[in-house]
Each structure stands twice: as structure tokens, then as C-alpha cells.
Amino acid sequence: MANDFVSVIHPKAAKNGEEGGGKRPIPVLPVRDTVLFPHAVLPLTVGRESSIQLIQSLGEEKTILVVAQRDARQDSPQATDLFAIGTLATVHKVVKMPNQSLFVFTEGNERVRLGEFPQLTPFMTAESETIEEIEPQKTPEAEALQRNVVSQFQQIVTSSPTLSDDLQTIAINIEEPGRLADFIAASLPFLTTADKQELLETPDVSARLERINKHLAKELEVQQLRNKIQTEVQDSVQSSQRDYYLREQLKAIQKELGDVDDTQKDIAELKEKIENAGMPEEVKKDSLKELGRLSRMNPMAADYGLTRNYVEWLSVLPWGKTSSSEVDILKAKEILDEDHYGLKKVKDRILDYLSVRRLKPDMKGPILCFVGPPGVGKTSLGRSIARALDRKFSRISLGGMHDEAEIRGHRRTYIGALPGQIIQHLKRVEVKDPVFMLDEIDKLGRDFRGDPASALLETLDPEQNNTFRDNYLDQPFDLSKVLFICTANQLDTIPGPLLDRMEIIELTGYTEEEKANIAVKYLIPRQTKENGITAENIEFPIESVRLVARHYTREAGVRKLEQQIGTICRKVARRIAEGHSEKLVITPEIVHEFLGGIKVRVDTEIAERTKRAGVAVGLAWTPAGGDVLFIEANRMKGKGSFTITGQIGDVMKESMQAALTWVRSNAASLGVDEDFLKDSDLHIHVPAGAIPKDGPSAGVTMATALVSLLTDTPVHPLTAMTGEITLSGNVLPVGGIKEKFLAAKRAGVRDVILPTDCKQQVDEDLTADQVEGVRIHYASRIEDVLAVTLPKTPTEKVHDEEIREEVIHASV
Ligand SMILES: Nc1ncnc2c1ncn2[C@@H]1O[C@H](COP(=O)(O)OP(=O)(O)OP(=O)(O)O)[C@@H](O)[C@H]1O
């Protein structure tokens, strides 16, 4: 019903008895939750019907008794519901409120004790009696108490945000201790009605001051505690609030200075990018939703950066941007020929493939896969295809990739998540129809982190890849316009389902002649340019290139050859820098000088090694092309054991057993002692023991090595062979003929023995140029092999020796 509020202190109070106290009944105004003190002014809202009647009944006489209710919840209090002590008051002003209630300003005059209640309706009246104050003695203690009360009150007012500072001034200026106590009691908002009533009922001024003093002390203590708690809470809230305020201030400053808010600018830019990215409707809707979320986020929040990154990824991807024009097959052919020497068959197949794409642009055809040894031009062919199609090119290396997430990305919830390689490369090329070269698809790993091959399968499968879903983006992206080309060194390790979707194009490696031509047309011009020299400075005759290819490299491709040419070019550059500006012709002597002594002479090695009986030269297929391999047999005193070493696999061991059995069963016809195992042990070793080897194709070589050992006849020099044998001595066909043949030719072999059933492969895969200079012998039985490999007459042996000497001598 009312608030205690003191705004004015009336210095003069009407004295009860003279104006309205004494036995004369005075209207009683019951009030809830408040106590009116003498000399205090209290505005009261009067809403109760009886109280309104009371105020309205007041004539000239404006005196009433203001008495607090014992229980504030009582709506119609009776005499017994009121405290026995109240305040005689004067009504100064009455204001009618719109809701029919009255706003009444009362001023307390003095403490009174209520007596009889002669009237109870419509409002109560009561007789009253003034309570005289008991004034304190003027002692130093009383003085000290009064001062203490004032000082505590001042402290409370100072630290309170709701109490006006004027209260302090008023308090200092009140001299009478009784009035001071009443004034403070009326001013303190934290005193309860009971506290206040108790103070009103204390006529002894010293006791009243004591009480007030205690209340003030308690309040000060509470305030101190509150401050302590507040400081602690503030400390924790402050740092985040501080950031917030600083940022708000910064914004305000930027606004004042006319700068546009960076964050808003950034968001507007992202929005523009999303609008222009050509996204499918669904993706655009989601992106704008994310952007909306971003704009509502605090830029300093930890996940602001993450969300921004995500939106940025979505906005920069080439959802609708393509670069392709129509495929021009004639131009494509020109470019392929311009960039690569030879490779006629390969180029033809590429052009066939492109022609189909031209006629059927939405072709869901197979993926091209170039398979072959390192350095044969797989990657550079891919680059040429991109150039021919006028498309962007990007190379993704799959070698050693173990984690599916590398292809398809990590989910956004993962710390440090990013999209996978496919999406990353798309961002880089900025168009949705690039040529992607997936390098080393045969070296994909797999482990507990998942199987990248299965992710790749989805990427490459034309049926599914128009809705490729990267884990990070979590939006479908259409990969069907990307031209995927894979490369591999071998087919065996490519996962089957992937292999099924690919069109395999094999590049087998080059002959010396092809290498020399590639060098002259491409590698030398490129290396001279890269090393800052010109055709004016260097002349590289083709014989010298052949020399480098033959003796300083041992490879199917041309990478090492290019490196060696690079080395020579750098030496020439140095000469020029040192002041020798005349053109340098790269003679074999200069090659020797620049590249050091001859590094690789396989022919010499073959000639040297085959001096001894029991050594034969086989041919092997490796992912790096083909290679020659030596098989050595030896015997010593023993009890007929047969040892095989050189890190060889089970299949190879079995074919060694088969070779031994065939030799033993045909000992007589071969001119070998039938009991050769009786007092001796045999040992077969395949050098380069650290490299694992397997497969049946060394069968004929093992049989030859054994017969050579047991007949004590060294094999013909520069003769190499390949073929599987059966127990009955038949020679069966083997694979990798082209690579093996080219390896033999590179090694300087002059006679190659191949299974008869491989003749068709030779005719199909090898050109006349490639075959030139090497004699091919076809064998369908092991006897045919031995007829070519082992000399039969002393003259033949002498001739072999001469050849050996010639080859060894040539290298010195
Ligand atoms: N027929 C060719 N004509 C011209 N240059 C060639 C030819 N073959 C290969 N090269 C050159 O040889 C270098 C090596 O080729 P590239 O990098 O394409 O080999 P790769 O087969 O992809 O090897 P890897 O399997 O190691 O990746 C390139 O500089 C390439 O231009």
C-alpha cells in the first residue's frame, strides 16, 4: 500500500493535545509494510474503501493517526490487528489517481499510544496519548554514539547506488539525537517493518540510537561481504564482458571514423560469392543459412573461424564454372605429337577415346589408366591431353595414401577438418571440368583409417560421381565433368573393382634409339633452356646421347637420362660463366669428363659373370620396366642337399626344383654324371639378394645354369632368356615380353631366347626398330634353349672368349 520515502523534513511538528491528540478521537489510517516516523514525510497510496472514505471525510482538520498493521496481508484490519503505537500525522496533499485510488502526502508529528476505538465503521477512530521522548544525558559517550551513527550512515549512503547524497547533508545538520535516529530509521530501505516499528516504540533516545547504530553496523558488514562477492563474480564475468565492450567500442569507433565494419564487409562479400558461385539451389539455400548463422555469431568465438572457413569453401568451389570448348581431334593429335615422341599406339588410343567423348560429351565411359615404368611419359601425356582439350590440369598423388579422409575429407566436427584432395584440387583449378591425374593408383594403402580405394571408387564411378559427397562439405558435388586419368607402374596391386572401371593403356619403355630421339627433340632443348644456355653454346651429337643412355642410365624411361643431360648442361653453363663462350661439342670424352667414369655397363657385367660355368642370364619384369637377372649355381662336396637363396618366393623355388628334377632325369642325354648329387651339395643363388623375386619365368635360366655347371661349360656371352619349364622339359609362355626384351636390348644382350608361344606377343608389341640388333630364338623345349646358350665345340668356346674380351676391353 505504500513505500516509505522521506523527501522533506518538517522542522516544526504539531504538538499532540493542542491540535488533535489527547482524548479526542482521531481517524486511524492503517498502513501495510511501512511505519511513519515523526518529522518524516511519507507519500501513501490509499486504495481501501474505508481509507478513501477516511481521507474524504477530513475537513479543515487534517490530523490522522497512521498506524502499521501487524500482518500486511490483512485487507480489512480491525483495531486488534494494528500495533498499539502509531504516529500522529498531518495530511498535506491528496491527489486522485485515475484508478480511483488516492495519493496522500502525510507528515509525522509525534509518537502516540492508541487508546479506545470509539468508531469502527466506515473507518476507525481512536483516542491517543502522546509518548514523551526520554532525552539522553549530554555525555561524551552519547556524543560519540551520535557521531558514529552519522558516520556509518554516511558510509552506507556513499556506497549505495539508490540513496541520494543529500541524505548525508541532512543527517549532519540534525542536532537532536532523537530526530536523527528517526530520520535515519525512515531513510534506510533495508530495515523491515518490524525493525521500524520497534524503533518507533522506543521513546528512550539513547536506546533508539543504540539500535540504529547496530542496524547500521550490520548493514555495513553485509555491504562489505556483498562487495567481495561482487568483485569475485565480476572478475570472472569481466574478461568476457571486457572483450564484448571493447569490440562494441571498436565498432563504434569504426563507425565514427566512417570505416565499414570488417566483419559485415566480409559477410557481404561471402554472400556475393555464394550468389555468383552457380550453386545448385539446395546447396545455395544451405550456404546462405550457414552464412546467416555466421553473421549472428560473435567474431571472437572459437567456432566463428570454423564456420567462416566452411562457408568460404562452399563459396569458392567451381559449382558452375567450366572451361571446355569442343574437343578438336586434329588439334589434339597435333598437340600430342608436339609433346611426345613415338608412342604411336598410345596416342591412337587416346585419340579414339577423345573422339568418343566428342561425339558423346555426357559419356559415362571408362577412366583412362596409363600403366608403365617410371619416366616413360605417363604424367606428361596427361598434361598434354589437358592442353589438347584446353582444360586445366592437376595432379593428385595417391602413393602411400592410407586414409579415406585424404580423398573424401574429414567431417566438420573433426578438429582441423578440411575437404579431401578431390575438392581441394577443384578449388585450385577453379573449374568443374579439369583433367585430374591420379598418380600411382597402384600404391594406394589401406589400414584402420579406412580404405581410400573405396572412396576413390565412388569418385571415379560415372554412375555415382555426379553426386560426390565430401565429408567436410557434406553437399553433393558433380564430378561427372572431370576427366580422370590414372597412372600406375603395375596392374597387380590395383584393387580389382577400380581396375574394372579403367581402360588400361600400357607404356612399356623405350629402346636406346627412341631414348636418343626423345633426348634430341625434347630433353636437350628443355635442359639447355632450363640451365640458361642456348643452342649457340652446346652441340650434343646423337652418338653422345646414345652413350649417355647406354652407359650412364639403366632405366625403361628417360628420367635419369634427362637428369644426366641436365648435369652436362650445368657444366656447360659453368664453363660459360667462367669465360669460355665458344660452342662446346659434347664428345664421348666430354661426357666422360662431365659425368665421371662409366657408371653402368651391363654388357660388361654379363660378359664378366658368364666367364664361369654355372651362371646364366635371365630376364625379369619389374614395375620399373624389365631387367636382366643372373642365376648362379655352384656345387661342393656334400651329401646331396639342394640350397636356394636370394629372397625368392615359393613359385620360383618350385620352378628351381622342377629344373633340377628335369636335369637329373635327363642327365645321361645331357652328358652329365647321373650320380652328380651323390657326393656333392648344390646351391643356387639369385643375386641382388635384398630384392624379393618370384614367378615361374626363370625356369629355363635355372636349368641352363645347372647344366652349365654340371657340364662345366660357360654359357654364351650376351645371351639372355625367359620361360617357364615343366617337369617334362616343355617351355611355357610368360608375360611381360616387351619389357623383358627391351631390358635385354638396353643391357647389350645380342641373343634373346623366348618361349615359342610368345611369338605373337613379339610381333604385336615390338616394332621392327625395337627388335633390330637382337637375335630372337624361340624355344618350345628346354633342349632348344640349351642348344642356343651352351657352346658345343671348342671353336665356339674360343669364339665366346673373344667376344667376352672384346666387350670387357670396350669398357676400359
Ligand atoms: N615420348 C616422350 N616424348 C617426349 N618426352 C618424353 C617422352 N616420354 C617421357 N618424356 C619426358 O620424360 C619425363 C618424365 O616423364 P613423366 O614424368 O611423364 O613420367 P611418368 O611415366 O609419369 O613417371 P612416374 O611413373 O615416375 O610418374 C618428362 O619430362 C617427359 O616429358
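This is a predicted model: local features need pLDDT of at least 70, side-chain atom pairs count only at pLDDT 80 or more; totals for chains, interfaces and linings use all residues.
Residues are numbered from 1 along each chain as its sequence is written.

Let me begin with the ligand. There are 20 residues around the ligand, and those that come nearest are Pro374, Gly377, Lys378, Thr379 and Ser380; a residue counts as near if its C-beta atom, placed from the backbone, lies within 6 Å of the molecule. Two or more residues of this shell come from each of helix H12 (378-389), helix H17 (512-530) and helix H19 (559-577), where helices are DSSP runs of H or I with at least four residues, strands are runs of E with at least two, and both are numbered from the N terminus. H12 gives the largest share, three residues. Because domain 3 (329-506) and domain 4 (512-595) both contribute to the shell, the ligand lies between them, with the domain bounds taken from an automatic or database domain assignment.

Now to strand S24, residues 751-755. Four of its five residues are buried, so S24 is largely enclosed by the rest of the structure; buried means that 20 or more other C-beta atoms lie within 10 Å of a residue's own, with C-beta atoms placed from the backbone. S24 runs parallel to strand S21 (residues 719-721), joined by three bridges, and also parallel to strand S25 (residues 775-779), joined by five bridges, where pairing requires that DSSP finds at least two bridges. Met721 stands opposite Ile753 in S24, while Val752 has Ile776 in S25 as its bridge partner.

Key
A residue is buried if 20 or more other C-beta atoms lie within 10 Å of its own, exposed if 12 or fewer, and partly exposed in between; C-beta atoms are placed from the backbone.
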